[in-house]
Amino acid sequence: MADDILEMRGITKTFPGVTALEDVTLAVRRGEIHAICGENGAGKSTLMKVLSGVHPTGDYDGEIVFDGSPVRFSGIRDSENVGIVIIHQELALVPYLSVAENIFLGNERKGRGGLIDWNRANADAASLLAEVGLDENPVTPVGQLGVGKQQLVEIAKALSKDVRLLILDEPTAALNDTDSAHLLDLLRLLRDRGITCIMISHKLNEIVSIADRTTVIRDGRTVETMDMSEPDATQQRIIRGMVGRDLESFYPDRESHPGAEVLRVEDWTAWHPTQERKVVDGAGFTVRAGEVVGIAGLMGAGRTELAMSIFGRSYGRNISGRLFMHGKEVRARTVAEAIDNGIAYATEDRKRYGLNLIEDIRRNVSAAGLHKLSRRGWVNGNEETRVAEESRRNMNIKAPTVMSVVGKLSGGNQQKVVLSKWLFTDPDVLILDEPTRGIDVGAKYEIYTIINRLVAAGKAVLVISSELPELLGICDRIYTLSAGRITGEVPVDEATQEGLMALMTRERESAA
Ligand SMILES: Nc1ncnc2c1ncn2[C@@H]1O[C@H](COP(=O)(O)OP(=O)(O)OP(=O)(O)O)[C@@H](O)[C@H]1O
Ligand SMILES: [Mg+2]
């Protein structure tokens with residue numbers, strides 16, 4: 001069709017043991033925002049990697065027509081040459097390079113004599129930053145920016161390449177509501193400038209608010225493409241397409257019977273590893289057996305830092321405060337000691353702290369609980385495989401076998417491996433840091449069910465989440481954290497998003 005900028009026809013892509021895409025068709029109209037939805041492992045990222053030449057011609061079957069002509073990309077350079085730019089699920093900026101250096105990396109602004117012209121690069125970067133609404137100095141190292149801002153730098157980088165079709169793979173997964181809203185506004189602005197956009201997201205409310213059309217993929221096949229201006233283009237319909245059935249609710253029911261106190265933290269303070277400031281400041285809280293407790297806070301409030309400093313002091317310096325398990329003060333000065341004391345921490349950053357990406361599922365699942373599988377230093381391999389198989393079944397991890405290398409799993413399935421690993425340590429307290437980030441609606445329900453099963457067995461669960469509806473849906477009690485301090489404690493029956501938000505921003509405003 002004349003107004004289609006892109007047509008992918010009959011795309012089939014296989015990996016050893018996996019058919020990731022089978023006869024997928026995708027048509028994208030010029031100037032639209034086209035959303036792609038599907039469960040973890042459905043093939044969304046793979047489809048976009050085919051489109052952008054990450055999986056080159058010859059590695060897949062099917063046809064791609066861009067702007068009226070068939071295209072065959074042998075690498076990402078080729079797709080960029082025609083104006084297709086992909087921003088991957090895991091951002092790819094170099095933290096110690098400046099904003100400007102990152103923007104022009106591989107596409108340097110050369111001056112006379114072939115030397116890089118930094119004055120020009122910084123000036124060009126500044127105007128690109130203005131276009132994306134980012135008020136930062138181009139010489140700032142990217143590592144000093146939060147994820148929200150890094151995402152904007154990625155878009156500025158795309159704009160520097162004269163992008164015509166921008167592909168964003170879960171751009172808002174790691175962003176808070178404010179940053180997400182800003183990003184979505186920017187996409188609308190780009191659309192007005194005629195830039196076509198394909199966006200993968202698990203946040204269905206965002207899709208409903210921003211997409212012109214949505215394509216749903218299930219198990220590597222196209223289910224349908226719907227026009228979002230139609231009245232029946234609802235979240236429910238997307239979900240039905242994704243999982244093949246209706247979900248009655250987002251949160252499984254649970255009867256709550258909190259028992260004795262399991263974890264108590266008193267006057268907990270941790271300093272920034274290199275800067276002269278407290279990141280956690282006199283925080284105190286408790287979690288009881290059979291209880292799910294939430295920690296709500298804005299980005300930078302110190303949520304992860306609080307959890308990690310408790311988990312064997314894996315973050316921070318000059319940590320002080322007291323930690324009690326079952327009423328007895330414990331020392332957990334290393335991760336091993338924390339695990340011995342029955343504390344587990346499943347991280348939000350699965351690449352950096354959670355997983356060994358070059359190892360298989362089996363080794364990753366057993367990694368933190370090896371002592372349970374070994375006798376006199378020998379690991380029982382059969383037992384290890386059995387445990388991993390059980391996790392794969394229980395968590396519905398999508399992989400050909402437990403010998404599959406974790407780095408090749410889809411993002412959401414990697415998250416499930418992280419959870420399996422910490423569940424296997426059989427902790428008394430499980431701290432979950434953004435456990436459902438990047439996870440599809442069906443798998444979220446599975447994870448909530450697992451949390452319920454744990455608390456029913458008398459475990460204590462502490463959940464850190466940026467999604468307030470999620471905390472309201474699964475917790476018994478919620479603490480709010482702001483600038484490293486606990487600013488409130490609310491039983492879930494009395495909690496509202498607005499009320500929590502007010503507590504989460506309290507200290508900041510009085511400090512400003
Ligand atoms: N390089 C690879 N080698 C082997 N298998 C792969 C590779 N990349 C993807 N797969 C497999 O292809 C399937 C589709 O993965 P893909 O990453 O496209 O899923 P996705 O829809 O993006 O999921 P998510 O929402 O979790 O990001 C999965 O089963 C995945 O394990
Ligand atoms: Mg993906």
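This is a predicted model: local features need pLDDT of at least 70, side-chain atom pairs count only at pLDDT 80 or more; totals for chains, interfaces and linings use all residues.
Domain 1 (4–243) and domain 3 (357–426) each supply at least three residues to the lining of the second largest pocket.

Ligand 1 has 19 residues around it. Gly41, Lys44, Thr46, Ser410 and Gly412 come nearest to the ligand. Polar contacts to ligand 1 involve both side-chain and backbone atoms. In the side chain of Thr46, an N or O atom is 2.6 Å from an oxygen atom of ligand 1. Asn40 places a polar side-chain atom 2.9 Å from an oxygen atom of the ligand. For Lys408, a backbone N or O atom lies 3.2 Å from a ligand oxygen atom. Taken alone, ligand 1 exposes 640 Å². The protein buries 88% of that area.

The cavities were examined next. The count comes to 3 cavities of 30 Å³ or more. The largest cavity contains about 140 Å³ of space. Its lining is made of 17 residues. Ala173, Lys203, Arg437, Gly438 and Glu467 lie nearest the centre of this cavity. The lining of the largest cavity divides into 3 nonpolar, 7 polar and 7 charged residues. Domain 1 (4–243) and domain 2 (261–342 + 427–511) each contribute at least three residues to that lining.

The second largest cavity has a volume of about 90 Å³. Residues from several stretches of sequence line this cavity. They are Asn176, Asp177, Thr178, Gly297, Leu298, Met299, Arg303, Ser466, Leu468, Met501 and Met504. Helix H6 (177–192) and helix H17 (497–504) are the elements that give two or more residues to the lining of the second largest cavity. By class, the lining of this cavity has 5 nonpolar, 4 polar and 2 charged residues. The second largest cavity lies between domain 1 (4–243) and domain 2 (261–342 + 427–511), because both give residues to its lining.

Definitions and conventions. Residues are numbered from 1 along each chain as its sequence is written. Chains are lettered from A and ligands numbered from 1 in the order in which they are written. Side-chain values use heavy atoms; hydrogens and water are left out. Domain bounds come from an automatic or database domain assignment. A residue is near a molecule or strand if one of its heavy atoms lies within 4 Å of it. A polar contact is a pair of N or O atoms within 3.5 Å; within protein, one must be able to donate a hydrogen and the other to accept it, and residues adjacent in sequence count only if both atoms are side-chain atoms. Accessible areas come from the Shrake-Rupley method with a 1.4 Å probe; for residues, only the protein chains shown count as cover. On a 1 Å grid over the protein atoms alone, a cavity is a set of points where a 1.4 Å probe fits but cannot get out, and a pocket is an open set with protein on both sides within 12 Å along at least five of seven lines; lining residues have an atom within 4 Å of a point. Grid points are joined across faces, edges and corners, and a volume is the space filled by probe spheres set on the points. Ala, Val, Leu, Ile, Met, Phe, Trp, Tyr, Cys and Pro count as nonpolar, Asp, Glu, Lys and Arg as charged, and the others, Gly among them, as polar. Helices (H or I, at least four residues) and strands (E, at least two) are DSSP runs, numbered from the N terminus.
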